[in-house]
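Dear colleague,

Please find the structure below, together with the sequence. My notes on it follow, and I would be grateful if you would read them beside the model.

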Amino acid sequence: MGIEMQGYRLDKTMEQHEEAEGWVDEIHGTHPMDDLLRTDRLPHIWCPGCGLGTALTCFLSALRKSKFDLDKVVVVSGIGCTGRVAGYVRLDSFHTTHGRAIPFATGLKLGNPALKVVVFSGDGDLVTIGGNHFIHAARRNMDITVICVNNFNYGMTGGQAGATTPVGGVTSTSPYGNYEYPFNVSALAAASGAVYVARWTVLHARRLERSIHEALLKPGFSLVEIISPCPTGFGRRHKQREGLDTLHYYHEHGVIKHGADPRETDIGLSGALVEGKFVDLDKPTFLEQRSRRLAQALEK
Amino acid sequence: MSDKTHAGVLSGEFFMQGDIACAEGAICAGCRFFGGYPITPATEVAQWMSERLPVVGGMYIQMEDELASMNAVLGASWAGIKAMTATSGPGFSLMMENLGLGIMMETPCVLVNVQRGGPSTGLPTLVGQGDMMQARWGSHGDYAIIALAPSSPQEIFDLTIDAFNLAERYRTPVLVMTDAEVGHMTEKVVIPPPDEIEIVPRRKPTAPPGEYMPYYVAPGEWVAPMAVAGDGYRIHATGLTHNEKGYPATADDSSQWPLIQRLIDKIEKNRDDIIVLEENGLDDAEVAVISYGIAARTAIWPMQMARAEGIRVGLLRLVTVWPFPDAAIYDLAGRVNGIVVPEINMGQIVREVQRAAAGRTQVISVPHPGGGIHDPYKVLDAIRRAAGRKVEV
Ligand SMILES: Cc1ncc(C[n+]2csc(CCOP(=O)(O)OP(=O)(O)O)c2C)c(N)n1
Ligand code: SF4
Ligand SMILES: [Mg+2]
């Protein structure tokens with residue numbers, strides 16, 4: 001028996017999906033990304049219409065193009081729907097605690113600077129509960145790439161408000177509309193010292209992929225903010241019942257402005273959704289700064 | 001000692017502070033990563049590491065808080081580096097959730113708590129032993145833990161090395177539960193030559209990628225060999241309940257049972273290998289003092305006074321506090337007329353002593369809320385009472 005959830009019929013519970021091993025889509029066969037995915041963990045737990053599949057695909061294509069030795073690439077996630085990414089990639093990967101992916105990643109990078117360390121996690125995880133680590137890693141210009149999927153809410157726990165929820169946003173914990181000022185994730189990264197900052201919606205998948213590619217190759221702290229539909233937690237409370245409705249919204253409101261001042265890219269419930277590459281500059285990374293300083297000091 | 005050309009093991013005799021002896025012990029044990037956040041009375045560990053690690057090829061970073069410190073240590077360990085952090089009460093509280101992550105992912109590392117008086121900000125510069133139960137139960141869920149309690153700078157050096165070795169042997173975070181007195185005390189510390197220091201290396205897998213399962217434990221063993229990031233095994237580790245592949249298995253209790261049972265058993269069933277106790281004068285004892293850390297040391301004077309009064313009193317010092325030495329205490333309780341437990345908290349480990357003694361003898365608590373060491377006469381009075389002597393109130 002299937003179960004009804006959000007109007008979709010599921011033949012298996014999420015748990016049964018999780019337990020399924022060696023799953024092959026009977027209609028489509030294998031997927032071109034299969035070598036980068038833990039196919040024995042598919043299908044994933046994400047809802048129909050969720051933007052996370054696109055976000056992950058863009059990351060994996062960018063990673064492939066980057067020509068990194070995949071045995072030296074590590075993905076670290078916190079907790080949340082986005083946090084499940086670490087469990088699906090066929091790479092060394094760590095699924096840590098809520099908010100703490102960045103300090104875990106910092107330890108990995110400093111423990112073995114030859115690793116390419118990528119943090120892939122949600123907005124709530126990275127800038128709400130984990131906001132302190134986010135700004136400090138950017139300040140240090142820590143040598144990591146952070147991919148933040150911003151769906152303006154806590155998807156995993158049932159659509160609560162967080163530090164990215166726009167004013168007026170209706171969520172399961174802001175039933176009368178959110179009255180707190182939100183963080184602008186890209187502006188926060190830029191203000192804290194990130195050397196690369198870009199924002200794209202999942203509709204702009206090619207540009208998104210290109211930005212992730214650039215971010216991966218950029219030494220220092222790079223951030224790619226991905227605006228992504230969460231029909232289950234956020235969309236359906238904002239007249240976007242299906243993921244596709246949200247993509248239509250992105251199409252109508254998305255405005256590409258490369259080099260825009262990040263402070264002028266706030267996201268509201270309506271109006272322009274500014275995207276593009278906002279920051280791309282060169283600055284010695286944490287490890288470079290450290291080496292220089294120690295070389296000078298210890299020479300004496 | 002400030003000669004920076006000395007790398008690695010600084011063999012020799014020193015007049016050394018406890019916190020610094022802790023840092024030197026870590027370096028001798030092969031620790032090459034320290035992530036921490038300053039807090040009295042543990043700050044000197046971080047300061048010393050910030051100076052020493054760069055000259056021995058290690059990495060020091062001051063993180064933004066103790067949540068970050070604990071996670072950075074876990075990350076470094078998963079990069080293949082022996083890693084440590086040091087803190088005191090408030091920071092210890094902040095580390096609890098991610099101590100649990102370390103336990104769940106089976107991550108070798110060392111966490112030092114130089115205890116001060118609590119709760120809250122409490123007595124920042126003064127001694128306490130009030131985190132002993134938090135050390136055992138502070139992170140949520142069921143698990144077992146190893147905690148060592150040094151009572152001198154020499155011992156903090158020795159036990160920090162032991163902590164790293166136990167961490168590798170049992171693939172788990174190990175706690176060094178010292179205190180402000182021992183951490184800030186300066187005494188003679190002997191650092192042996194490198195070849196006399198036993199170091200347990202990390203056990204790496206021999207199976208090829210594809211066959212290796214990060215949490216498959218071979219029969220007769222307690223933990224799996226540990227592949228780390230960059231080894232080519234493409235491992236996954238999670239704080240979720242997981243199966244032998246390391247994959248989340250959260251649909252029911254079928255993975256929870258074997259996982260949690262093993263996390264507990266790997267420590268509880270190896271008590272004989274892990275537990276270290278020090279006995280002094282217990283052979284003929286009618287009264288036993290059971291204590292640990294600085295409180296065990298300050299019990300010696302009142303014990304000498306009691307001996308002078310003709311009371312045959314001996315000491316059982318818990319070098320290992322967790323896992324708790326149930327069997328030794330049960331046995332001792334059958335041989336003495338009373339047990340006295342001085343500790344610088346309002347009565348934490350005494351509860352365990354009572355449990356282990358199982359009613360075979362009276363157990364007398366000598367509490368102290370922190371901020372100083374025991375008044376020796378309070379310990380003496382407790383010894384007299386345990387011996388059945390009249391005590392003036
Ligand atoms: C310390 C802690 N607090 C709360 C939670 C519950 N929790 C799990 S995921 C989550 C929010 C995730 O939101 P986000 O990072 O935006 O991820 P999304 O699900 O939207 O992708 C929360 C609050 C937790 N796991 N740990
Ligand atoms: S709750 Fe939202 S973010 Fe989570 S899987 Fe469903 S649609 Fe995606
Ligand atoms: Mg979210």
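Over all chains, 32 salt bridges are counted, a salt bridge being a side-chain nitrogen of Lys or Arg within 4 Å of a carboxyl oxygen of Asp or Glu. This is a predicted model, in which local features need pLDDT of at least 70 and side-chain atom pairs count only at pLDDT 80 or more, while totals for chains, interfaces and linings use all residues. Residues are numbered from 1 along each chain as its sequence is written, chains are lettered from A and ligands numbered from 1 in the order in which they are written, and side-chain values use heavy atoms, with hydrogens and water left out.

One of these bridges pairs A:Glu225 with A:Arg199, whose closest N and O atoms are 2.9 Å apart. A:Glu225 belongs to strand E8 (residues 222-227) of chain A and A:Arg199 to strand E7 (residues 196-201) of chain A, so the pair ties together parts that are 26 residues apart in sequence. (Helices, H or I of at least four residues, and strands, E of at least two, are DSSP runs numbered from the N terminus.) A:Glu225 is buried at 1% relative accessibility, and A:Arg199 is buried at 0%. Here buried means under 20% relative accessible area, exposed over 50%, and partly exposed in between, with a 1.4 Å probe and protein chains only.

A further salt bridge joins A:Lys277 and A:Glu214, with the closest N and O atoms 3.1 Å apart. Since A:Lys277 lies in strand E10 (residues 273-280) of chain A and A:Glu214 in helix H8 (residues 205-217) of chain A, the pair ties together parts that are 63 residues apart in sequence. A:Lys277 is partly exposed at 23% relative accessibility, and A:Glu214 is partly exposed at 29%. Both residues belong to a network of salt bridges that links A:Glu214, A:Lys218, A:Lys277, A:Asp280 and A:Asp282.

In chain B, B:Glu352 forms a salt bridge with B:Arg355, the closest N and O atoms being 2.7 Å apart. Both lie in helix H13 (residues 349-357) of chain B, three residues apart, about one turn of the helix. An α-helix has 3.6 residues a turn, so residues three or four places apart point the same way. B:Glu352 is buried at 13% relative accessibility, whereas B:Arg355 is partly exposed at 44%.

A:Asp143 presents another case: it is buried yet has no salt bridge, and the nearest side chain of opposite charge, A:Lys109, is 5.3 Å away. (Lys and Arg count as positive and Asp and Glu as negative; His and the chain ends are not counted.) A:Asp143 is placed in the loop between helix H6 (131-140) and strand E6 (145-150) of chain A. Its side chain makes a polar contact of 2.9 Å with that of A:Thr285. A polar contact is a pair of N or O atoms within 3.5 Å; within protein, one must be able to donate a hydrogen and the other to accept it, and residues adjacent in sequence count only if both atoms are side-chain atoms.

Turning to the ligands, residues from chains A and B surround ligand 1, so the site is shared between chains. A residue is near a molecule if one of its heavy atoms lies within 4 Å of it. There are 17 residues around ligand 1, and the closest are A:Cys81, A:Thr82, A:Asp123, A:Asp125 and A:Gly155. An oxygen atom of ligand 1 lies 2.6 Å from a side-chain N or O atom of A:Thr82, and an oxygen atom of the ligand is also 2.6 Å from a side-chain N or O atom of A:Asp123. A polar backbone atom of A:Met156 is 2.9 Å from an oxygen atom of ligand 1. Around ligand 2 are residues including A:Trp46, A:Cys47, A:Cys81 and A:Gly155.

Some backbone features also deserve a look. The peptide bond from A:Leu42 to A:Pro43 is cis, with omega near 0°, and a cis peptide bond also joins B:Gly118 and B:Pro119, with omega about 0°. B:Glu106 is not a glycine, yet its phi is positive, near 55°; B:Glu106 is buried, with a relative accessible area of 1%. B:Ser120, also not a glycine, has a positive phi of about 55° and is exposed at 63% relative accessibility.

With kind regards
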